[in-house]
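Student: Please pick one part of this model and look at it closely. I would like to see how the rest is arranged around that part.

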Amino acid sequence: MCSTADTMALVRAALQRMILFLPLAVRQMSRPDRLIRACEVQQVVAAGEIIEDYPEDLRGHSCLILGRGSEGRPVHVVCAPKDEYLAIITAYVPDPSEWNDAFRVRRRS
């Protein structure tokens, strides 16, 4: 099992090779109410922190990264490092009603 630091190293190494935006990511990023640019996703992955790790994900080991996008807004990116590329599964602006004030911990319903 990888540590968070090991996972982050894999993610950032894959980021340097190539980025593949999966259809869900493109749909979420294209929503007019919260348009997220590809360069913001790159910025979040490059400088953000892993807040959830999913080593048993059916798509392969993935993680949720929190970072800051345009004008400092919080952005969540779910990604999976592969040997040839970094798969961006989804990217979205977190809903304050679903996350704590720092957008690091999910609120319990």
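Tutor: Start with the overall pattern. Read along the sequence, the protein chain runs α-β-α-α-β-β-β-β. That makes three helices and five strands. Helices (H or I, at least four residues) and strands (E, at least two) are DSSP runs, numbered from the N terminus. Residue numbers start from 1 along each chain as its sequence is written, and side-chain values use heavy atoms, without hydrogens or water. The model is predicted, so local features need pLDDT of at least 70 and side-chain atom pairs pLDDT 80 or more, while totals for chains, interfaces and linings use all residues.

The five strands form an open sheet in the order S1-S5-S4-S3-S2, with mixed pairing. Two strands pair if DSSP finds at least two bridges between them. Strand S1 (19-21) and strand S2 (49-54) stand at the edges. Each has a single partner strand, so one side of each lacks a neighbour in the sheet. From one strand to the next, the twist averages 30°. Angles run from 0 to 180 degrees between N-to-C directions, with axes fitted as lines to C-alpha atoms, for helices over the stretch in contact.

Now take the neighbours of S4. On one side, S3 and S4 pair in the antiparallel sense over six bridges. Gly67 stands opposite Val75 in S4. Helix H3 also packs on the sheet and touches S1, S2, S3, S4 and S5. Its direction makes about 105° with that of S3. Touching here means contact, that is, heavy atoms within 4.5 Å. Arg68 has Pro74 in S4 as its bridge partner, and Leu64 has Val78. S3 and S4 form a hairpin with five residues between them. Glu71, in that turn, has a positive phi of about 55°.

Ala80 has Ala87 in S5 as its bridge partner. A hairpin links S4 to S5 through four residues.

Is S4 buried or exposed? Eight of its eight residues are buried, so S4 is largely enclosed by the rest of the structure. Buried means under 20% relative accessible area, exposed over 50%, and partly exposed in between (1.4 Å probe, protein chains only). In a regular strand the side chains alternate between the two faces of the sheet. Both faces of S4 are covered. Pro74, His76, Val78 and Ala80 are buried on one side. Val75, Val77, Cys79 and Pro81 are buried on the other.

Not counting residues up to four places away in sequence, Leu86 touches Cys79, Ala80 and Pro81, and its other contacts include Val11, Ala14 and Val45.

Finally, step back to S2. S2 and S3 pair in the antiparallel sense over five bridges. There, Asp53 stands opposite Cys63 in S3. Across the whole chain, the C-alpha trace spans about 35 × 30 × 25 Å along its principal axes. Among contacts between residues at least 6 apart in sequence, 50% join residues at least 24 apart.
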